[in-house]
Amino acid sequence: MSISDKTPKELMEYRDLGRTDLKVSLLSSGAWVTFGEQLDINEAYNCIKFAYDNVCNFFDNAEVYSFGKPETAMDEVLKRMFKQDGIQRTNLVILTKIFWDTSCYHPQAIKANLKGLSRKRIVEDNMLHRIRFEVEYDNLYKPPISYGVKGNLSWLRQQFESGQVENLHPIADKLDATIAQLALAWAAKNPNVSTVITGASRSSQVTENFKALTIIPELISDIIEEIEQVLKNKPKHPYDLTLMN
């Protein structure tokens, strides 16, 4: 069977998460923005179940997302999958993140210790997290990389406002891909990326997102160079290595 004939499930790979030996799926599923807000519980179930059926094992969440609602929604979905579909908890890697407590948004809260990574903050957040998210345990519990996320979102906004994204359409069309699929495939093509966290406001978007796995093998060096010529954002090494010869 050629690569072009393979399904997203057959093309999924697993990479080490950073310098750990923990294996996570190249495409993963996140709850930011949509879970507990745009998605009802049945559609949230459809999203996570489709991702899992396509051998995604990594699911992202955070305490601050929509005041903790996505954690509660994901907890309900996973318990349904365990009971109804016989899925084992050991097959999943679940991430939550801390730094900002949802109480920070309460007008009467004393905010002195409601953000940060003090021992008090971590212990109390874990207690509150266990109320929202009852599924046995988390594999990963870490602070968010807030500045990196803000920087990436700012860069992405600039790309849209400058019209650069529109210039990628000919490349996407050549690969029979959407811009979203091209973006996911481009990010996943980088061997330094452990996983690309995807989001969706409906289950059909999860289906489309995971088709990006079929695009990755098509991103040969010539295509990557075409993308770089449009974006012109390839990082430069801080040192001129030619001077070391």
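Is Trp32 buried, exposed or partly exposed, and what is its relative accessible area?

Reply: This is a predicted model, in which local features need pLDDT of at least 70 and side-chain atom pairs count only at pLDDT 80 or more, while totals for chains, interfaces and linings use all residues. Residues are numbered from 1 along each chain as its sequence is written, and side-chain values use heavy atoms, with hydrogens and water left out.

Trp32 is partly exposed, with a relative accessible area of 47%. Here buried means under 20% relative accessible area, exposed means over 50%, and partly exposed lies in between (1.4 Å probe, protein chains only).

Rings of Phe, Tyr and Trp (its six-membered ring) form a pair if their centres lie within 6.5 Å; planes under 30 degrees apart count as stacked, over 60 as edge-to-face and the rest as tilted. By this rule there are two aromatic pairs. One joins Trp32 and Tyr65: the ring centres are 5.9 Å apart and the planes stand at 25°, so the pair is stacked. Trp32 lies in the loop between strand S3 (27–30) and helix H2 (41–53), whereas Tyr65 lies in the loop between strand S4 (58–60) and helix H3 (69–85), so that the pair links parts of the chain 33 residues apart. Helices (H or I, at least four residues) and strands (E, at least two) are DSSP runs, numbered from the N terminus. Tyr65 is buried, at a relative accessible area of 11%.

The other pair consists of Phe50 and Phe210, whose ring centres are 6.2 Å apart with planes at 90°, so the pair is edge-to-face. This pair also connects distant parts of the chain, with Phe50 in helix H2 and Phe210 in helix H8 (residues 203–210), 160 residues apart. Phe50 is partly exposed at 26% relative accessibility, and Phe210 is buried at 0%.

Asn54 is related to both of these phenylalanines. Asn54 is located in the loop between H2 and S4 and is buried, with 10% relative accessibility. A polar atom of the Asn54 side chain lies 3.0 Å from the backbone oxygen of Phe50. Apart from neighbours within four places in sequence, Asn54 is in contact (heavy atoms within 4.5 Å) with Phe210, Pro8, Lys9 and Met12.

Conventions
A polar contact is a pair of N or O atoms within 3.5 Å; within protein, one must be able to donate a hydrogen and the other to accept it, and residues adjacent in sequence count only if both atoms are side-chain atoms.
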